[in-house]
Amino acid sequence: MAECGRVDSNTSSHTMDKSITLPPDEIFRNMENAKRFAIDIGGSLTKLAYYSTVQHKVAKVRSFDHSTKEAAGDKLYEIAVQEEVTARLHFIKFENAYIETCLDFIKDHLVNTETKVIKATGGGAHKFKELIERKLGLKVDKEDEMTCLIKGCNFVLKNIPHEAFVYAKHADSEFRFQTTNPDIFPYLLVNIGSGVSIVKVESEDKFERIGGSSIGGGTFWGLGALLTKTKRFDELLQLASKGQHSSVDMLVKDIYGGSYACLGLTGDLIASSFGKSATADKEFSDEDMAKSLLHMISNDIGQLACLYAKLHNLSRVYFGGFFIRGHPVTMHTITYSINFFTKGEVQALFLRHEGYLGAIGAFLKGAEEDNPNQYSWGENYAGSSGLMSVSPDMNPMQRARSGTFPFDMLEMDRLDRQLVNLPLLQDPSSYIPDTVDLTEDAQAREYWLSCFEEALDGVVKRAVASQPDIPEAAERAEKFRQKYLHKLQTLRHQPFAYGSLTVRSLLDTREHCLNEFNFPDPYSKIKERENDIALKYYEKAVKSLEELSWEDRQFALVRGVLAGNVFDWGAKAVSEVLESNPEFGFEEAKRRLEDRPWLVDSFDQWLERLKGPPHRCALFFVDNSGVDIILGVMPFVRELLSRGTEVVLASNSGPALNDVTNSELQILTERIAAMDPVIDSALREDRLTLVQNGSSSPCLDLSRLDKVLAMLVRERQTDLVIIEGMGRAIHTNYYAMLSCESLKMAVIKNSWLADRLGGKLFSVVFKYEVPAGAGKPH
């Protein structure tokens, strides 16, 4: 831990009463590998951006040479944990009071930086230019503030799925996150700083300031200071949050005794801001005047934004700037104003990372030669602090006086592959991957948070067991436990911290935390053992299927996929069985399945479809290793190939639980091809293709898939999508609408979820869907 000294009064409007504890490892992470910097300095907050290279462990599988007859005990493949270097973007937000202390820390830990320049934007860039250059030895290169803002906005809208939200003060969930349209343009950005700038954004590089106003955040601050003698912006908002504007404002009912029905004006509508102050012979409270002022300015900005949106035919209106800053009271008044003036036709949209837009844009300007926009980026939940509820009763200065460093962080990891929509989504703009939004369902939220907490011991045990020869694995596993537990506790109090809270986001956060502490694939050895065992039964399974009649075989194939899907180490009910009974096998899993009719049962319709012509190409999103992929999925795929259907098998790019990865599937398919001429010929003739899905999650987001996969789907004219497993077909995509036929297959391995869906443990979902208006197959 490093100690921050007293803040110099020349760089701040106030001094601190005590030293501030700065936890550098938690804030300025990986600073020793920082390569490039940008900074955005506003009137009260500094946002620092830097790019670093991160070294972490990845699990790689490599096939042994099986050209010779191997001994029965030979391993299927080799698992090697290797060091890999990836790119990460870090964004840190702190008060200007700490800028000198932070610059000192950066200077002391700057080791491998390649740059001699720091890109800067914001009104304070000029004020702190000399300090930055003196402390860091880097030349300050100032960038246009509006250009940076737009670049930053484009970046977060493209790369963070739950970036935009609607604020609903009195709803069960005050933050309602929106699905970002794949085409983010055009939109209106209303930036409320000292004044207001209204910008129409049409493309990555084309934007225009189409209007604005001198009445903005500075007006609220300035008039508020004159009216209340309160000099701090956050304190003014505190006052406003406690005030009653109707004590100061003249309402419609004050003039007409009630509503003015013929004009459609309700009695509670403001007729005149501060109207009562001219005639009332009394003193008004600071709280009431602050509230009246806030309404006056918000209504003015809201009406202006609505007029420009209507003039330019824009339905997406985003609000940002220091006036917003995540404060519920300002978001509520802006939302109310927009709803009123557009009669609910336009929603006021806010951004989770609104405070970082300038810093992100400045960084992108400085990194143009690397073309960061050619990559997809993903939020690293392990290193991001998330959206915090800003209580009006707890301003930044109060947090600072508690002795902790007030900071906010965002980390973005560069992904290996560019991610795009599945071309077969019926309407990408309305697609929502997740079946249940836990931010809005309090009962489900409490259950799943408790469920993940209870499962933590098992995950820690599995992580340590995956690295038996590394003494400090237990210490790292304990650090993982503490970090993930802290995340769960944060989400219990602030479920909106990382966007919509879902089972998928809880699973992904856990994977991010495991990777953070170098546990890249805790289930690698389990997967290897189960793959090895299942391969030994493959030929017998295929032979028994071939002996059945055609109709019986179709049912047996489906039942095989479902039984294979029982083998899921991510499900507590199953992992307990597998732990206590390692001999639990394929036939036993079949007996566990419920009898028909299943909970969701479209098998008869599927069977009827199979009597028709074959599909051109089937895209199959696979799930677990071992019995699932080898004895369940592969025989099903074999049948499709035999019918004349091409098959694309999409598996995870990286590890998650016991899900099969693309590199593992390549080896397994080669082994199966050596036993099975149908699979062998399909591979050689390119009728069976294996491809990465671009994900390292147990769930599936069809709006963020590997671009190569999307191209293949188009080229092969795919007309059937099969999604298998509880994570991919129930927790996500249960309601996904596709423009082609789809088949969703899963076994419910969680008793609470089964009860929610009206079933029981090991209930079956077999959901065959044909898009509305689709003609007969030909």
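Let's start with Leu702: setting aside neighbours within four places in sequence, Leu702 is in contact (heavy atoms within 4.5 Å) with Val420, Asn421, Leu422, Leu425, Tyr431, Phe621, Ile723, Asn733, Ala736 and Leu738. Leu702 is also among the residues with the most contacts inside the largest nonpolar core, together with Trp448, Leu506 and Phe621, and that core has 64 residues. By nonpolar core I mean a set of buried Ala, Val, Leu, Ile, Met, Phe, Trp, Tyr and Cys residues joined through side-chain atoms within 4.5 Å, where buried is under 20% relative accessible area, with a 1.4 Å probe and protein chains only. Helix H14 (residues 473-493) gives the largest share of this core, 6 residues. Apart from it lies another core, of 59 residues, including Leu535 and Ile679.

A quick word on the basis of all this. We are looking at a predicted model, in which local features need pLDDT of at least 70 and side-chain atom pairs count only at pLDDT 80 or more, while totals for chains, interfaces and linings use all residues. Residues are numbered from 1 along each chain as its sequence is written, and side-chain values use heavy atoms, with hydrogens and water left out.

How confident is the predictor? The mean pLDDT (confidence per residue, from 0 to 100) is 88 for the chain, and 90% of its residues reach 70 or more. Over residues 1-22, though, pLDDT is below 50, and it stays under 50 over residues 389-405.

Now the sheet. Seven strands, in the order E7-E6-E3-E4-E5-E18-E17, form an open sheet with mixed pairing; helices (H or I, at least four residues) and strands (E, at least two) are DSSP runs numbered from the N terminus, and two strands pair if DSSP finds at least two bridges between them. Its edge strands are E7 (139-142) and E17. Inside it, E4 (residues 45-63) and E5 (residues 77-95) pair in the antiparallel sense over 19 bridges, with His56 bridged to Glu84 in E5.

Is Asn380 buried or exposed? Buried, with a relative accessible area of 3%. Beyond four places in sequence, Asn380 touches Arg29, Arg88, Glu411, Asp413, His512 and Glu516.

Last stop, strand E27 (residues 764-769): 5 of its 6 residues are buried. E27 pairs in parallel with E20 (residues 600-601) over 2 bridges, and runs antiparallel to E26 (residues 741-747), joined by 6 bridges. There, Leu743 has Tyr768 of E27 as its bridge partner.

Key:
Buried < 20%, exposed > 50% of the residue type's maximum accessible area, 1.4 Å probe, protein only. pLDDT = per-residue confidence, 0-100.
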